[in-house]
Amino acid sequence: MKAAVIEAPGKVTVTTVPDPTPGPREVVVDVAACGLCGTDLHILQGEFAPTLPVVPGHEFAGEVVGLGSEVTELALGDRVAVDPSLYCHECRYCRAGRNNLCDRWQAIGVTVSGGAAEYAVAPVANCVRLPDHVDVQDAALIEPLSCAVRGYDVLNSRLGSHVLIYGSGTMGLMMLELAKRTGAASVDVVDVNPERLVTAEKLGCSQVALSAAELGRAGGWDVVVDATGNAAAIQDGLERVAKAGTFLQFGVSDYATKATISPYRIYNQEITITGSMAVLHSYERAAELFATGVLDPQVFISHRLPLTEYPRALEQFAAGQGRKIVVLP
């Protein structure tokens, strides 16, 4: 089968690899679409995947075309979206229900072969059957949506909060859509790319700006979300949190990224600084939300490219062109 392979830091090719074989409790998925994500860029840089080469792609959906010998929950032809998370279920964090912090955490498309291929293997427990009205090519959006749902689980949002989001790429826009549905009084979006801000306005945010200083909210925001991973955005966002407010680090930064905090201000103003790591008990809920139309795929997916153009798709994504880019095997 054809697959994209990150062979070494900075090197990605589309080549032929062996067809996958499912284990007893696994299925083979004929991949309909696979989304690109910032994590894929980190893998390309040699940061996240413990070993290379690896077939990337942790945002994917498709049709079940192979069944392991012990699979009874799914049938051939079922259309599924795949939660890429792989946990040991044995370590301290798994036993405490914090599986996303698993000491032996792995993920399809990060540590094992993923969905940037014609076919992918997944545990049956990670597959969510899609309702008939959901386009399987659009369902690649469910995985990033599940990360956004996890972000709002962490926030424990209060009704009437004023929210500031840094970044209007896919993840920032998803956080915007969920903020509107969790009772925010206002949702402002900041991005250095004015073209992306047009989409944020289209989705109904309160205000957009190239910098938070332009928005003129002297007292700050109750909730500040960084969806960029950019050091300058993070540093600025930390200074914009209102008293008793919360800063959520949602975007994925490089390992070396640093920010400066004021411990006295955190103490004196009871500011919370927290993070949200990937997916935790949120994938099924994201699939249900997606099925209700919480996102418009035509707005979120800006480019659909063939798998053969995966290297170019990564370059385009790295350049900040478009919103969600998906490849179609």
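The second largest cavity has a computed volume of about 50 Å³, and the tour of this predicted model begins there. Select Tyr152, Ser157, Arg158, Ser161, Val163, Ala179, Thr182, Ala184 and Val223, the residues that line this second largest cavity. Coloured by class, the lining of the second largest cavity shows five nonpolar residues, three polar and one charged.

Next, turn to the largest cavity, for which the volume is about 80 Å³. To display its lining, select Leu238, Glu239, Thr260, Ile261, Ser262, Arg265, Ile266, Ile271 and Ile273. Five nonpolar, two polar and two charged residues make up the lining of the largest cavity. How many cavities of 30 Å³ or more does the structure hold? The count is two.

The last stop is an open site, the second largest pocket, which contains about 270 Å³ of space. Which residues lie nearest the centre of the second largest pocket? Select Asp83, Ser85, Tyr87, Ala125 and Asn126, which hold that position among the 15 residues of the lining. Then highlight β6 (85–86) and α8 (283–291), the elements that each contribute two or more residues to the lining of this pocket.

Methods:
Residues numbered from 1 in each chain as written. Predicted model: local features only at pLDDT ≥ 70, side-chain atom pairs only at ≥ 80, totals over all residues. Heavy atoms only, no water. 1 Å grid on protein atoms, 1.4 Å probe; cavity = no way out; pocket = protein on both sides within 12 Å on 5 of 7 lines; lining within 4 Å. Points joined across faces, edges and corners; volume = space filled by probe spheres on them. Helix = DSSP H or I, 4+ residues; strand = E, 2+ residues; numbered from the N terminus. Nonpolar A, V, L, I, M, F, W, Y, C, P; charged D, E, K, R; others polar.
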